[in-house]
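Thanks for coming. I will take a few minutes to walk through one structure, going from strand to strand and ending at the ligand.

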Amino acid sequence: MNTLEDYLDIENPREANMITEVRSFYRKNFDLWKSMGYHFKTPDTYLFEFKKRYPGVVIEHSLLNRGLNFVNNKKKPIHRWTSYLEGFSDDFVYEIINQFELSEGHVILDPFAGSGTVNVCAMMKSIDSIGIEINPTIYRILETKTCWKTDPKLILDEYNKMDFSGEPSTRAPSFMKVDRQFKPEILKRILKIKEQIELIEDTSIKSYFDLAFITILLPSSNLRRSPSIGYDKKQTKNIYPELPVEIFKKKIEMIVRDLRIVRKSVKKPGSSNNFCEDSKVFSLPEDIKVDAVITSPPYLNSFDYVGNYKLEIGWMGDAKSTKDMQELRDRMVLCDNVSRKMIKEYAQNPPLLSIDWLDYVTAAVEPRMRERLGIRRRDYPILLRKYFEDIYYVLRRMYDSMKSGAKVAWVVGDSLILDVYIPTDLLTMMIADVIGYRLKRLEIDRVRRSGVRRSFILRESILFFEK
Ligand SMILES: C[S@@+](CC[C@H](N)C(=O)[O-])C[C@H]1O[C@@H](n2cnc3c(N)ncnc32)[C@H](O)[C@@H]1O
């Protein structure tokens with residue numbers, strides 16, 4: 001087994017300082033594996049081999065936790081309109097903008113734009129940007145957060161016309177379990193708010209109200225999301241009839257305030273050109289070439305971006321049935337809730353990538369799948385393959401839209417699938433290498449616990465490569 005000293009440069013004081021701290025994390029993994037009779041490659045072995053294969057790539061254990069930390073954004077104008085747990089911290093995006101020396105005249109792409117952290121930061125710095133987001137409800141948020149042209153007074157005027165008294169004339173989405181999700185009195189208020197929003201004629205003004213509506217759903221419901229959605233069994237939430245109208249009012253006031261702030265303080269906001277598309281297949285118009293990509297894809301784990309946001313997707317009418325939701329999920333970069341039918345069909349395609357590590361992890365998962373009783377799926381090897389092929393397609397499309405020399409910062413976590421360790425960050429680098437990117441640096445940003453086996457320590461990395 002390789003030791004940390006094998007791949008960290010102990011002559012370098014920064015790396016030497018890291019050794020004690022990092023060793024204590026990985027030590028726990030080794031102990032756990034030993035007790036299970038585990039014999040597959042460990043995170044250390046992969047790092048060691050990677051360093052040998054790509055001697056030019058710098059590997060840093062910075063552990064600064066600067067990447068995915070949306071909590072930091074909760075007080076920042078515009079960012080704070082929604083709370084996307086899977087979002088970037090704006091400070092991180094600014095750091096990368098500085099590091100890549102981006103300024104007015106440059107264009108940044110985020111092919112997994114989510115709630116638009118990268119695009120909003122770019123606007124603040126007068127840099128143009130492009131956001132691609134596949135989920136139509138999250139795309140609404142992206143579009144609204146990046147539209148600062150509307151006069152905030154018009155939003156207030158529209159709000160002042162609203163009347164939340166009386167019986168609602170709108171109906172809840174029929175395929176959702178609304179009676180279990182909301183108390184009757186709350187449901188009535190939500191429907192009344194929805195009815196009043198439907199009366200707004202100007203679509204760009206309506207989009208701010210739609211965003212505010214999206215944000216009242218979860219806090220007014222009997223559900224919790226942390227990060228997966230489920231019923232609030234302990235019933236610790238304080239939900240009272242006026243709550244939806246109160247949150248809605250506060251959100252509209254926040255939107256008006258923040259629009260006033262940015263319209264005053266950002267003299268020339270960058271433009272944000274957004275697309276509700278699938279980054280695996282979508283090509284940007286020929287005349288758009290970007291200077292940088294700052295992004296974070298879905299991780300290879302069971303986080304279901306559709307299931308966990310079904311409340312918002314259903315209420316916005318962006319899916320009209322469970323089948324619509326499944327279709328959206330199947331188009332996204334893979335999570336392990338995709339339909340068996342889609343995976344069965346996908347399995348007919350010949351493998352796209354020839355990467356020994358990918359073959360290794362796929363083969364390692366096979367016996368674990370047979371040994372384990374009661375597992376949810378029996379198609380993990382294809383799931384693994386499809387995740388990395390999805391990533392290949394996105395990286396490939398990005399490449400075509402990048403200027404020569406354009407830089408990428410890609411934040412991703414690694415995974416544990418059926419107790420097999422998957423070095424997602426290193427595999428992503430290898431795929432980028434196959435496509436023709438120049439690999440530069442891998443910064444291990446933080447360590448985190450596996451959601452499945454809490455005692456297993458995983459990491460989150462920032463990958464740097466360029467065209
Ligand atoms: C980690 S989140 C990105 C969050 C974002 N950085 C932010 O600050 O809000 C990944 C996003 O990728 C989106 N996504 C998944 N598959 C996609 C695809 N094929 N094309 C475009 N977007 C996709 C998901 O809906 C999700 O919003």
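Before the details, one term: two strands count as paired if DSSP finds at least two bridges between them. Keep in mind that this is a predicted model.

Start with strand 2, residues 107-110. Val107 and Leu109 point one way, Ile108 and Asp110 the other, and all are buried. In general, side chains in a regular strand alternate between the two faces of the sheet.

Which strands does strand 2 pair with? One of them is strand 3, residues 128-132, which runs parallel to strand 2 and is joined to it by four bridges. Within that pairing, Asp110 has Gly131 as its bridge partner. Helix 5, residues 117-124, belongs with these two strands: strand 2, helix 5 and strand 3 form a right-handed β-α-β unit.

Strand 2 also pairs with strand 7, residues 290-295, again in the parallel sense, over two bridges. Here Leu109 is partnered by Val293.

From strand 7 we move to strand 8. Five bridges join the two, and they run parallel. Thr295 stands opposite Trp410 of strand 8. Strand 8 covers residues 402-413, and nine of its twelve residues are buried, so the rest of the structure largely encloses it.

Strand 8 pairs with strand 12, residues 457-466, in the antiparallel sense, over seven bridges. Val408 has Phe465 as its bridge partner there.

Last, the ligand. How many residues surround it? There are 21, and the closest are Gly87, Phe112, Gly114, Thr117 and Met332. By type, the shell divides into ten nonpolar, seven polar and four charged residues.

Definitions and conventions
Residues are numbered from 1 along each chain as its sequence is written. This is a predicted model: local features need pLDDT of at least 70, side-chain atom pairs count only at pLDDT 80 or more; totals for chains, interfaces and linings use all residues. A residue is buried if 20 or more other C-beta atoms lie within 10 Å of its own, exposed if 12 or fewer, and partly exposed in between; C-beta atoms are placed from the backbone. A crossover is right-handed if, with the strands pointing away from the viewer, the path from the first strand over the helix to the second runs clockwise. A residue is near a molecule or strand if its C-beta atom, placed from the backbone, lies within 6 Å of it. Ala, Val, Leu, Ile, Met, Phe, Trp, Tyr, Cys and Pro count as nonpolar, Asp, Glu, Lys and Arg as charged, and the others, Gly among them, as polar.
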